[in-house]
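Ready for a few exercises on side chains and how they pair up? Have a look at the model first, then work through the steps.

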Amino acid sequence: MNNWLVNITLKSGKELTVIYEGSETQSGEVANRVMAGGSLSMNGFYDTTKTHNILVLVGEIAALDISVWKG
């Protein structure tokens, strides 16, 4: 599994820093996965300590910044 750092900006302006874990090897693949499904779909992430799950409603995402997690 690969770990990705994803900074999500919600439509409200709130920013979330989360970790996405998956088989994707390119940031574009991660973006496609995160934005998949309808606006009422939810995607799960870890917090940066990997001790909490964070669910985000796809329709509330305004922007994504994706990079390799080096933690």
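**Exercise 1.** Is K50 buried, partly exposed or exposed?

*Solution.* Start with the ground rules: this is a predicted model, where local features need pLDDT of at least 70 and side-chain atom pairs count only at pLDDT 80 or more, while totals for chains, interfaces and linings use all residues. Residues are numbered from 1 along each chain as its sequence is written, and side-chain values use heavy atoms, with hydrogens and water left out. Now the cut-offs: buried means under 20% relative accessible area, exposed over 50%, and partly exposed in between (1.4 Å probe, protein chains only). K50 comes out at 34% relative accessibility, so K50 is partly exposed.

**Exercise 2.** Find the salt bridge (a side-chain nitrogen of Lys or Arg within 4 Å of a carboxyl oxygen of Asp or Glu).

*Solution.* The count comes to one salt bridge. E21 and K50 form a salt bridge through their side chains, at 3.0 Å from N to O. E21 sits in strand β2 and K50 in the loop between β3 and β4 (53-57), so the pair links parts 29 residues apart in sequence. Strands here are DSSP runs (E, at least two residues), numbered from the N terminus.

**Exercise 3.** Describe the aromatic pair.

*Solution.* First, the rule: rings of Phe, Tyr and Trp (its six-membered ring) pair if their centres lie within 6.5 Å; planes under 30 degrees apart are stacked, over 60 edge-to-face, and the rest tilted. Searching the whole structure gives one pair. The ring centres of Y20 and F45 are 6.4 Å apart with planes at 65 degrees, so this pair is edge-to-face. Finally, Y20 and F45 are both buried.

Methods:
Helix = DSSP H or I, 4+ residues; strand = E, 2+ residues; numbered from the N terminus.
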